[in-house]
Amino acid sequence: MLLNIPIGNITALPNYRQIDEDPAELEQLVASVKKDGIFQPVLVRTHKTEPDRYELIFGNRRFAAAQLAQLETIPAQVKEVADDNILEVQVIENLQRKDVHPMDEAAAYKAYKEKNGCDVKELAAKFSKPERYIAHRLALTTLIPELQKDFLKKQLTIAQAEVFAKLNPEQQKELMKAETQYGTRYASSVADLHDEINRLFLHDLGKAPFDKNDATLLPKAGACSSCQKRTACRTLLFEDVAKEDHCLDGKCFSMKIDLHLVKKANDIIAHEPNIAFAVEQYSDNPPKRIIDEAKKMKVPVYTNGYYDHKWGKFTDGRKVFMLNGSKKGKIVTVYFQSKEKGKGSNEEVSTEMQIAAINQRLERSEELLYEKYMEKVNKFTDEFINNKAELGSEWKLELSTQFDVLTRYLWFLTVDKWDDEFLESIGLTEKEEENYAKFPEQLYIKLLMLDKQQQLELFAKCFFDQIGRPTSKTHRSYMLEQFAGWIGMDLSHLRFEMNTELEKKRLSATARIEKLQKELPAVKASTKKKKKNEAAAEATQ
């Protein structure tokens, strides 16, 4: 039923369209309405409780223009539409318009999808559109507000907008900044935008140095193979950007490379003496902690003097683990200058160097394991000393051989490191009228009057002030172990952990050395034969 309804009797129902209207376009519509009126009726339904009132289902722009043009009535088609069907009617009406903007389409598909819980395939079937078309329109709803505004103003094309919509909000902002920073706005072609996306945001998973199926490398992210943030999971959007599977989360990708780098570097330091480290010049900075650990373990770190291919005298190949650059996290072969004649073959030198490196690393492994063991001893003793209740109730001050040795050792290390706050807590703070330099008997009396717990606290404080927190294997660390044993700590499980790990490393190192030593005679024989052949060749010339 078609009626001319007073505008004041119409109330607009909520509409899925949340797109800001261009003021200039609305003014043009208002001017047209004032001049020619409204030819296309709006759609309304009767109000549920007020029969003389109506609710606007669609035609919001015409209704707004009629209000601004101060019309008294507006032509309206009256149709009874159930609440559950209103959204579908609005969407279908909007999509059937000839001049519908892609952002309007996007909002319509999104609203219908969310209300009915359907996927892209079902939407495509419902509205008779290709799945790719639906996927690209839905992606437009993820555009940041600035890009939506520019798109509605026709400052970028639908093809350009679809390229931006492939990215997350942060990436959209970065690409938008690049496209607008020199005064021009979105001058790049679609092909150029694709190239920028490939360069800035897509990370080829096929070239990643880490295992894509490893869910433990970065547990909160899981395995790349099951992650949704990659082009293989969004083929409808990225079929024209990247043929191979690419990661879309640059931060996660970088974190995984760094974690793999540290994990692999530690493994090489511990178990691969024939592999050195290399740094690519004029590239990103390598992790300092890996460089530092490599130096401790006497692992070579090459920063120059090599090529990634044979060139001139650079013919001696060696496997290295790249710490930065385009091959970061990968083991590759680089080439150094060959050794001079008379100094043994490269194979002999390499084998002997590997054996020496294994022994060096084993020695350093022992030091590191002991340091970790002593760090735990320090932690446990610190916790004991700071627990005054345990100190007073569980620990008994007894004259023993250990106590006698520790006391003498304490005097041996004595340095004046008095702590005023601590002294005050056990009643030994100096007062002006009790200057210990003038009245030493006062200090004597106070020390004499200390109760057992105060004596224990004073001894423990002095001991730890003097001994520090040793981790390397010295007399200090040995005395700390004795102290820990004296106060009742059971260090056997810590020593067992250390010795078990050390034995594993020794067995592994021994096996590798024996293998290399078995190979050495064959290498020397080969070298001898090679020299003999070279000499024979020179004699015939």
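How many helices and strands does the protein chain have? The protein chain has 21 helices and 11 strands; helices (H or I, at least four residues) and strands (E, at least two) are DSSP runs, numbered from the N terminus. The model is predicted, and local features need pLDDT of at least 70, side-chain atom pairs count only at pLDDT 80 or more, while totals for chains, interfaces and linings use all residues. Residues are numbered from 1 along each chain as its sequence is written, and side-chain values use heavy atoms, with hydrogens and water left out.

**Whole chain**

Of its 541 residues, 39% are buried, where buried means under 20% relative accessible area, exposed over 50%, and partly exposed in between (1.4 Å probe, protein chains only). Contact means heavy atoms within 4.5 Å. Among contacts between residues at least 6 apart in sequence, 69% join residues at least 24 apart.

**Stop 1: helix H2**

Select residues 60-68, which form helix H2. Which residues of H2 are buried? They are Arg62, Phe63, Ala65 and Ala66. These residues cover an arc of only 165° around the axis, which puts them on the same side of H2; the arc is that of the directions from the helix axis to the C-beta atoms. An α-helix has 3.6 residues a turn, so residues three or four places apart point the same way.

Then pick Gln70, which follows H2 and has a positive phi, near 60°.

**Stop 2**

Two packed helices are described by the angle between their axes and the distance between the axes. Axes are lines fitted to C-alpha atoms, for helices over the stretch in contact, and angles run from 0 to 180 degrees between N-to-C directions. Angles under 35 degrees count as roughly parallel, over 145 as roughly antiparallel, 65 to 115 as roughly perpendicular and the rest as oblique.

Select H4 (residues 102-116) with H6; their axes come within 8 Å and cross at roughly 100°. H4 and H6 are therefore roughly perpendicular to each other. On the H4 side, the contact is made by Pro102, Met103, Glu105, Ala106, Tyr109, Lys110 and Lys113, and on the H6 side by Tyr133, Ile134, Arg137, Leu138 and Leu140.

Next, show H5 (residues 120-127) against H6 (residues 131-140). Their axes lie 9 Å apart and the helices pack at about 110°, so H5 and H6 are also roughly perpendicular to each other. From H5, Val120, Lys121, Leu123 and Ala124 meet Glu131, Ile134, Ala135 and Leu138 of H6.

In the loop between H5 and H6, pick Ser128. Ser128 is not a glycine, yet its phi is positive, about 55°. Ser128 is exposed, with a relative accessible area of 65%.

**Stop 3: Leu218**

Go to the loop between strand E6 (203-204) and helix H11 (235-238), where Leu218 is found. Is Leu218 buried or exposed? Leu218 counts as buried, at 8% relative accessibility. Leaving aside neighbours within four places in sequence, Leu218 is in contact with Cys252, Met255, Lys256 and Leu259. Phe253 is 35 residues from Leu218 in sequence, and the two are 9.9 Å apart, C-alpha to C-alpha.

**Stop 4: Tyr282**

Finish in the loop between strand E8 (276-278) and helix H13 (288-296), at Tyr282. Tyr282 counts as exposed, at 83% relative accessibility. Phi of Tyr282 is positive, near 55°.
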